[in-house]
Amino acid sequence: MGQAHRPTGTDPGAPTPADAPATRRNPLLRLGAPPVAAAALTGTVALYMTLVAFGNITDFGTNQQFVQHVLSMDTTFKDPDLMWRAVESPALQNAVYVAVIVWETLAALVLLAATWLWITGLRRDAYDRARAASTVGLVMVLLLFGAGFLAIGGEWFAMWQSSDWNGLDAAARNVALAAFTLLVVHLPGARGRAAAEGT
């Protein structure tokens with residue numbers, strides 16, 4: 001059989017429509033691409049952390065009570081071998097609560113910036129900055145809810161013993177969401193064409 005001929009006047013080295021990535025030819029496939037999933041999940045965590053920080057700032061007293069009860073350990077089994085860990089100073093309790101709010105706010109800002117970087121990166125198929133910013137923000141969330149609530153609150157201050165002031169389930173959900181998002185952000189398909197070609 002003879003060779004297929006290109007139309008007259010076309011560049012022999014120019015890519016044909018069949019050479020283009022499938023995600024560029026089909027918008028539905030592009031919506032399902034890993035970078036879009038990473039952007040959506042990062043944006044979800046960013047929105048959640050923004051609302052959490054906003055709620056704690058505008059309704060300071062509600063979670064202030066939570067922090068006070070957890071740190072004072074007044075609703076635990078009050079085991080004498082553990083109660084020496086309790087923090088009963090209102091000043092220290094409020095300082096911890098303010099530190100939590102500041103951390104939440106910073107994490108929200110980083111994740112909002114990361115979401116914007118994902119969105120702008122979709123146009124250029126370049127996601128290094130978005131992935132780096134997402135990683136920082138998501139690790140901040142993991143540290144807050146994993147190290148802060150699950151480890152320190154749950155074990156050191158025995159929050160698991162309290163039936164009234166127990167945030168372990170909510171903290172576990174937040175850790176799971178942030179960890180899953182972090183995995184999606186670092187999927188090979190979320191690296192972008194430029195990064196893939198450089199490996």
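Looked up V98 first: it is partly exposed, with a relative accessible area of 39% (buried is under 20%, exposed over 50%, partly exposed in between, with a 1.4 Å probe and protein chains only). This is a predicted model, so I kept in mind that local features need pLDDT of at least 70, side-chain atom pairs count only at pLDDT 80 or more, and totals for chains, interfaces and linings use all residues. Residues are numbered from 1 along each chain as its sequence is written, and side-chain values use heavy atoms, without hydrogens and water.

V98 sits in helix α5 (helices are DSSP runs of H or I, at least four residues, numbered from the N terminus). I then checked the surface patch: F60, V98, V102, L106, L109 and L112 make a nonpolar one, with about 490 Å² of accessible area together. Members need over 30% relative accessible area and no salt bridge, and nonpolar side chains are joined within 5 Å; the areas are Shrake-Rupley values with a 1.4 Å probe. Helix α5 (residues 90–124) gives the largest share of the patch, 5 residues.

Next, salt bridges (a Lys or Arg side-chain nitrogen within 4 Å of an Asp or Glu carboxyl oxygen). I found 1 in the structure: D128 with R131, closest N and O atoms 3.0 Å apart. The two are 3 residues apart in helix α6, so about one helical turn separates them. D128 is partly exposed at 45% relative accessibility, while R131 is buried at 16%.

Last, I followed helix α6 (residues 128–156) along and noted a bend of about 30 degrees at F149, taken as the angle between axes fitted to the seven residues ending there and the seven starting there. After α6 comes A158, with a positive phi near 55 degrees.

Methods:
Patches are made of residues with over 30% relative accessible area and no salt bridge: like charges are joined within 9 Å, nonpolar side chains (Val, Leu, Ile, Met, Phe, Trp, Tyr) within 5 Å.
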